[in-house]
Amino acid sequence: MVTEDISKSSPPLKDELDIVIPTIRNLNFLKMWRPFFKLYHLIIVQDGDPSKVIRVPKGFDYKLYNRNDIKKFWAQSLPAQNPPFSTAKNPGKFLLGFATSD
């Protein structure tokens, strides 16, 4: 069986994949996942109180959005409709991550 050293190979979809992380909590778990997540661009969407500071550990390529960004995005994108961010059942934060991915 041939094993490949992942540190020497290019990670799958490196320049084509963004990882969307919806959160209302701290992001300390990223430290444990650093070997995997550091290879990709992260889109972090903070739901809940936008005045709460979410700290992202150093060493990650990321863009952080909060509830105000979600509201603004949907107001510009769907001005005639109710934006899908108002309840936990609605996927507004996930859709924002998808829509902002390059």
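Strands here are DSSP runs of E of at least two residues, numbered from the N terminus. The model is predicted, with local features requiring pLDDT of at least 70 and side-chain atom pairs counting only at pLDDT 80 or more, whereas totals for chains, interfaces and linings use all residues. Residues are numbered from 1 along each chain as its sequence is written, and side-chain values use heavy atoms, leaving out hydrogens and water.

The open sheet consists of three strands in the order β1-β2-β3, with parallel pairing; two strands pair if DSSP finds at least two bridges between them. Strands β1 (18–23) and β3 (61–65) stand at the edges with a single partner strand each, so one side of each has no neighbour in the sheet. Neighbouring strands of this sheet are turned by 20° against each other on average, direction ignored (axes are lines fitted to C-alpha atoms, and angles run from 0 to 180 degrees between N-to-C directions).

Strand β2 covers residues 41–46 and pairs with β3 in the parallel sense over five bridges. Val45 has Tyr65 of β3 as its bridge partner, and Ile44 has Leu64 of β3. The parallel pairing of β1 with β2 runs over six bridges. Here the bridge partner of Ile19 is Leu42 in β2.

Notes: Helices (H or I, at least four residues) and strands (E, at least two) are DSSP runs, numbered from the N terminus.
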